[in-house]
Amino acid sequence: MLGKSLIAGAFAVAAALTHAQEIKVGFIDGPRLERGSVQGQRLVETLKSEFGPREREIIALQAKIADARKRFDAERSSLPREQLVQEGNEIAAMMQKSDRMVMAMREDLQRRRNEISVGFLKEADRKSTRLNSSHMSES
């Protein structure tokens with residue numbers, strides 16, 4: 001009697017396993033999804049619009065530095081020592097300001113990119129989960 005119950009139980013488990021849903025495991029490639037999707041392209045455009053003015057400001061300052069350095073190098077032999085020191089200090093101060101601006105923008109851009117990416121990946125995960133749920137209910 002116990003043997004028949006074990007055999008019946010084994011058949012019940014085997015039958016349940018053959019009808020069980022297949023489990024699929026996958027992952028979301030966030031950077032690829034950001035690059036290849038319409039939403040990802042919109043996010044890139046958002047970042048460009050947010051950080052474009054700062055980037056242009058940095059580029060303008062760097063152009064000003066390059067002009068000042070050229071002028072300084074060209075006039076170096078004819079300027080008095082005090083003026084050389086003063087102009088050299090002004091150029092150094094502009095370079096330090098440029099470096100600080102670049103570093104701050106990079107940090108802010110990375111922070112903002114992370115914020116957007118997290119939201120983007122959460123949305124992709126939510127859509128993937130919803131798609132998988134509807135696919136599982138169809139089976």
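Predicted model: local features only at pLDDT ≥ 70, side-chain atom pairs only at ≥ 80, totals over all residues.
A helix here is a DSSP run of H or I, at least four residues long, numbered from the N terminus.

View 1. Along the sequence the pattern reads α-α-α-α. Of its 139 residues, 18% count as buried. The accessible surface comes to about 11,200 Å². Carbon and sulfur atoms hold 58% of that surface.

**View 2. Contacts link residues that lie apart in sequence.** Take the contacts between residues at least 6 apart in sequence. Of these, 80% join residues at least 24 apart.

**View 3. The largest nonpolar core has 16 residues.** Leu47, Phe51, Ile58, Leu61, Ile65, Ile91 and Met94 touch the most other members. Helix 3 (38-75) and helix 4 (81-138) each supply at least two residues of this core. Helix 4 gives the largest share, eight residues. In soluble globular proteins, nonpolar side chains tend to be buried together.

**View 4. Phe51 and its contacts.** Residues up to four places away in sequence are not counted here. Beyond them, Phe51 touches Met105, Asp108, Leu109 and Arg112. Phe51 is also among the core residues that touch the most other members.

**View 5. Ser98 sits in helix 4.** Is Ser98 buried or exposed? Its relative accessible area is 3%. Buried means under 20%, so Ser98 is buried. Leaving aside neighbours within four places in sequence, Ser98 is in contact with Leu61, Gln62 and Ile65.

Definitions and conventions:
Residues numbered from 1 in each chain as written. Heavy atoms only, no water. Buried < 20%, exposed > 50% of the residue type's maximum accessible area, 1.4 Å probe, protein only. Contact = heavy atoms within 4.5 Å. Areas by Shrake-Rupley, 256 points an atom, 1.4 Å probe, with all protein chains shown as cover. Core = buried A, V, L, I, M, F, W, Y, C linked by side-chain atoms within 4.5 Å.
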